[in-house]
Amino acid sequence: MRVAIAAESFLPQMNGVVHSILRVLEHLDERGDEVLVIAPQAPLRPEHVAGARVAGVPSFALPGYRRVRVAAGGVPRIRRLLADFAPDVVHLASPFVLGWRAALACEELGLPAVAVYQTEVPAYAARYGLPGLEQALWTHVRALHARAALTLAPSSHALDQLADHGIERLALWARGVDAHRFDPAHRSQRWRRTVAPGGERIIGCVGRLAAEKQVGDLAALLDIAGTRLVIVGEGPQRRRLEAALPGAVFTGFLGGEALAQAVAGFDLMVAPGELETFCQTIQEAMASGVPVIAPARGGPLDLVDSSRTGWLYAPGDLAGMRAHALDLLGDEAKRRAFGQAARRAVEARSWKGVCSQLVGHYAAAIEATAAGGPVEQLNP
């Protein structure tokens with residue numbers, strides 16, 4: 001199979017979208033498929049990744065968040081890249097700006113496009129002080145996904161949300177987790193002493209330090225006796241959050257073994273963002289044997305089995321979040337049981353399995369486009 005991936009973001013930036021793309025590239029390379037990645041040009045961007053060629057398109061840094069690159073230019077450049085590569089299918093990864101142009105190019109070339117919805121961009125508008133833009137952004141999302149042969153949503157909440165906004169030809173495609181990399185065995189007492197030298201219990205959070213992640217909500221946990229808040233990640237709000245969360249440890253961005261060790265070192269993890277379409281860091285914490293506390297909205301609804309692998313609280317109910325943290329921190333046996341149940345719940349969710357499902361979705365889109373009909377709801 002020849003697969004083109006239009007990536008709204010890509011290396012050297014690292015986020016949930018890029019992480020998913022890398023796992024897909026590894027799977028396609030193992031299958032022997034030919035892959036082209038089209039991504040915003042950026043300093044230090046690799047030319048090849050996991051057997052795939054990476055084609056950069058002009059881009060600019062997002063003001064105030066220079067690590068994020070936004071693709072510039074028009075449809076012709078994307079159309080030429082796709083026409084020259086002649087893919088069997090085009091994967092639109094979290095499409096919005098570059099993905100819009102790629103969707104238009106696919107329409108012009110008669111190529112099947114599979115749009116992988118991953119970021120709730122319209123809801124970000126309110127977080128950034130522009131609530132009046134939300135409906136206009138949903139109009140853009142509808143127009144984009146209408147041009148795809150199939151849209152894949154990462155969670156049941158996202159699937160319902162897209163259907164409510166009039167988007168058709170939907171299927172569920174969740175994410176895998178590397179249960180070997182994220183494992184309770186990586187828990188390190190030495191690492192724990194570096195961030196909590198007084199032997200405090202560690203409340204962890206992993207994610208981008210940006211408004212939509214709501215890391216500032218963790219202030220509700222700061223005065224819990226005998227605990228240390230450890231925040232893993234980087235982003236434009238770091239300085240503001242360091243001032244708002246005195247005493248918290250900010251590790252900056254961690255990857256590879258360092259991230260696995262940090263997550264396994266948590267006593268519990270709190271993921272406060274209410275706009276998560278999936279939330280891969282929750283799966284990684286669960287695989288590490290760490291119970292998770294998260295709002296009852298979006299991806300966490302599928303991931304956290306409340307009162308068994310962690311706790312869900314009503315969005316905005318920070319007193320509820322705090323109460324759940326106190327519940328787990330005050331009962332070591334319960335916390336351990338929740339962590340063990342969390343590990344069991346996710347350890348079989350391999351990337352190989354979910355990427356095999358993705359290839360099946362590619363095949364359905366190719367077949368439907370060739371036949372001139374709609375893609376069947378594979379798992380409505």
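Modeller: In this predicted model, a polar atom of the side chain of Gln 283 lies 3.3 Å from the backbone oxygen of Gly 176; a polar contact is a pair of N or O atoms within 3.5 Å, one able to donate a hydrogen and the other to accept it, and residues adjacent in sequence count only if both atoms are side-chain atoms. Residues are numbered from 1 along each chain, and side-chain values use heavy atoms, without hydrogens or water. Local features need pLDDT of at least 70 and side-chain atom pairs pLDDT 80 or more, whereas totals for chains, interfaces and linings use all residues.

Gln 283 belongs to helix 10 (residues 280–287); helices (H or I, at least four residues) and strands (E, at least two) are DSSP runs numbered from the N terminus. With a relative accessible area of 1%, Gln 283 is buried (under 20%; exposed is over 50%, partly exposed in between, with a 1.4 Å probe and protein chains only). Leaving aside residues up to four places away in sequence, Gln 283 touches Arg 175, Gly 176, Val 177, Phe 278, Leu 303, Val 346 and Arg 349, contact meaning heavy atoms within 4.5 Å.

Turning to the rings, the structure has two aromatic pairs (ring centres of Phe, Tyr or the six-membered ring of Trp within 6.5 Å; planes under 30 degrees apart are stacked, over 60 edge-to-face, the rest tilted). Trp 191 and Phe 266 make a tilted pair, 6.4 Å centre to centre with 55 degrees between the planes. Trp 191 lies in helix 7 (residues 189–195) and Phe 266 in the loop between helix 9 (256–264) and strand 14 (268–270), 75 residues apart. Both Trp 191 and Phe 266 are buried. The pair of Trp 311 and Phe 338 is also tilted, at 6.0 Å and 45 degrees. Trp 311 is in strand 16 (residues 310–313) and Phe 338 in helix 13 (residues 332–346), so this pair ties together parts 27 residues apart in sequence.

As for the nonpolar cores, the largest has 34 residues, and Ile 5, Phe 10, Leu 25 and Val 37 have the most contacts inside it; such a core is a set of buried Ala, Val, Leu, Ile, Met, Phe, Trp, Tyr and Cys residues joined through side-chain atoms within 4.5 Å. Among the elements that each supply at least two of its residues are strand 1 (2–7), helix 1 (16–31) and helix 14 (351–371). Apart from this core lies another, of 32 residues, including Ala 196, Val 249, Ala 271 and Val 304.
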